[in-house]
Amino acid sequence: MNAVYWSLTALLIMGHGDTLDRDEMIDFVMSCWDEEAGAFSAHPDHDVHLRSTLSAIQILSMQNALNRVDVDRVVKFYLSLQQPSGSFAGDAFGETDTRFLYCAVNALSLLGKLDKLDIQKTVAYIKRCRNFDGGFGAVAGAESHASRVFVCVAALAILDRLDEVDQPTLYWWLSERQLPNGGLNGRPEKLEDVCYSFWVSSALSILNKLTWIDSSKLEAFILSAQNTESGGIADRPGNMPDIFHTMFGLAGLSLLGYPALVDLDPVYCMPASIIENLGLRKGWKALQRRTS
């Protein structure tokens with residue numbers, strides 16, 4: 001399910017959303033519906049998960065087929081996974097992670113059911129995951145990580161609670177993720193990786209501080225990770241491309257204003273026009289697109 005979301009989003013960013021068969025895609029998504037659980041799995045007959053359910057909702061949103069979702073049951077599924085701490089478990093097995101909290105907030109927002117969420121408890125938990133360096137971790141007390149910074153900042157943006165971000169400190173931490181070769185890493189002393197082109201850029205974009213990184217150097221790094229023979233983008237130059245890094249590389253390029261790419265909403269990681277049509281656009285803007 002996640003791979004379908006990555007593929008569709010990548011194609012939409014490039015303006016080729018009709019490349020994959022819409023009906024076949026919707027049929028696959030619905031084949032992953034678990035009637036007993038009231039949620040979606042990653043593949044037919046697999047266990048349901050909060051993340052694959054969000055991917056299903058995102059796909060159906062982008063394919064203008066949200067009417068296929070049993071909204072009340074999906075909402076019940078998400079709310080059942082919120083823990084007393086305010087965190088969210090990914091499934092019935094109980095692992096918690098701020099990624100799962102973001103999935104819940106994102107999905108409930110797309111479904112127009114954010115009012116069902118205990119927002120105060122949710123925001124309080126995000127705040128507990130904030131560290132001295134301004135970043136956020138996977139759980140309370142965990143070290144800051146760029147992907148968790150994105151999910152926490154984006155969740156707070158959806159909930160209109162960006163006041164809980166230590167913004168000056170976080171600007172610094174995020175800008176420090178850029179390495180001399182232009183790429184971004186997820187935490188100090190780690191290698192650069194194309195996927196952080198989205199995780200870091202999206203958070204900076206939400207906070208209106210995307211100019212705090214060198215966009216030209218980042219753009220060059222992403223493009224250098226392309227495979228010009230087989231297509232696709234890898235995690236870094238010379239490695240094998242995959243759809244995950246291809247999508248997040250394109251998402252990063254869109255936020256940087258790369259020519260001919262569709263405007264991406266940094267909060268929902270979906271085309272901005274779709275988020276606007278749902279009435280959820282917060283006004284975030286990519287860097288001005290170049291015409292040459």
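Reader: Rings of Phe, Tyr and Trp (its six-membered ring) pair if their centres lie within 6.5 Å. How many aromatic pairs come out here?

Author: The count is 11 aromatic pairs. One of them joins Trp 33 and Phe 40, 5.0 Å centre to centre with 65 degrees between the planes. That pair is edge-to-face (planes over 60 degrees apart; under 30 is stacked, the rest tilted).

Reader: Is this an experimental model or a predicted one?

Author: This is a predicted model: local features need pLDDT of at least 70, side-chain atom pairs pLDDT 80 or more, while totals for chains, interfaces and linings use all residues. Residues are numbered from 1 along each chain, and side-chain values use heavy atoms, without hydrogens or water.

Reader: OK. Trp 33 and Phe 40, buried or exposed?

Author: Trp 33 is buried, and Phe 40 is buried too (under 20% relative accessible area with a 1.4 Å probe, protein chains only).

Reader: And why is the pair of Phe 198 and Phe 248 called tilted?

Author: Because the planes of Phe 198 and Phe 248 are at 35 degrees, with the ring centres 5.6 Å apart.

Reader: Where do those two sit in the chain?

Author: Phe 198 is in helix α9 (residues 196–206), and Phe 248 is in helix α11 (residues 243–255). Helices are DSSP runs (H or I, at least four residues), numbered from the N terminus. The two residues are 50 apart, and their pair links distant parts of the chain.

Reader: What relative accessible area does Phe 198 have? And Phe 248?

Author: Phe 198 has 0% and is buried. Phe 248 has 4% and is buried as well.

Reader: Which cluster do they belong to?

Author: Ring pairs link Phe 198 and Phe 248 with Trp 6, Tyr 102, Phe 150, Trp 199 and Phe 244 into a cluster.

Reader: New topic. Which ring does Arg 177 lie over?

Author: Arg 177 lies over the face of Trp 173, 4.6 Å from the ring centre. The rule for a charge over a ring is NZ of Lys or CZ of Arg within 6 Å of the centre and within 35 degrees of the ring normal.

Definitions and conventions: Buried means under 20% relative accessible area, exposed over 50%, partly exposed in between (1.4 Å probe, protein chains only).
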